[in-house]
Amino acid sequence: WHQMLLDGTLPQTIGGGIGQSRLSQFMLRCAHIGEVQHGWYNPEEVALLKENNIRLLGLGEFEEDPMAKSLHQAANPSS
């Protein structure tokens with residue numbers, strides 16, 4: 001694999017999944033990967049991150065998060 005990459009047989013790419021998330025995290029200067037990638041996180045870790053003003057995607061806690069609206073509607077179907 002390494003030799004094929006070095007001799008140009010394989011293209012130089014950042015791959016997918018975690019590689020793209022880590023690149024986004026670096027470029028956006030995020031402290032935690034959860035700021036650019038949706039996932040499940042230990043509630044104790046989430047509490048610590050909140051104390052340090054680090055907001056994670058997918059928790060539905062801020063309007064910029066696309067999940068926020070759907071989660072709030074599910075919790076309160078009359079609105």
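1. Gln25 sits in helix α2, residues 18-27; helices here are DSSP runs of H or I, at least four residues, numbered from the N terminus. Gln25 is buried, at a relative accessible area of 11% (buried is under 20%, exposed over 50%, with a 1.4 Å probe and protein chains only).

2. This is a predicted model, in which local features need pLDDT of at least 70 and side-chain atom pairs count only at pLDDT 80 or more, while totals for chains, interfaces and linings use all residues. Residues are numbered from 1 along each chain as its sequence is written, and side-chain values use heavy atoms, with hydrogens and water left out.

3. Phe26 also belongs to helix α2, but Phe26 is exposed, with a relative accessible area of 65%. Together with Leu23 and Met27, Phe26 forms a nonpolar patch on the surface, with about 360 Å² of accessible area in total (patch residues have over 30% relative accessible area and no salt bridge, and nonpolar side chains are joined within 5 Å).

4. The largest nonpolar core has 6 residues: Ile33, Tyr41, Val46, Leu49, Ile54 and Leu56 (a core is a set of buried nonpolar residues joined through side-chain atoms within 4.5 Å). Neighbours within four places aside, Ile54 is in contact with Ala31, His32, Glu35 and Leu49.

5. At the N-terminal end of helix α3, residues 43-51, the cap is Asn42, with a side-chain oxygen 2.7 Å from the backbone nitrogen of Glu44. Asn53 follows α3 and has a positive phi, near 60°.

Technical notes. Helices (H or I, at least four residues) and strands (E, at least two) are DSSP runs, numbered from the N terminus. A polar contact is a pair of N or O atoms within 3.5 Å; within protein, one must be able to donate a hydrogen and the other to accept it, and residues adjacent in sequence count only if both atoms are side-chain atoms. Contact means heavy atoms within 4.5 Å. Patches are made of residues with over 30% relative accessible area and no salt bridge: like charges are joined within 9 Å, nonpolar side chains (Val, Leu, Ile, Met, Phe, Trp, Tyr) within 5 Å. Accessible areas come from the Shrake-Rupley method with a 1.4 Å probe; for residues, only the protein chains shown count as cover. A salt bridge is a side-chain nitrogen of Lys or Arg within 4 Å of a carboxyl oxygen of Asp or Glu.
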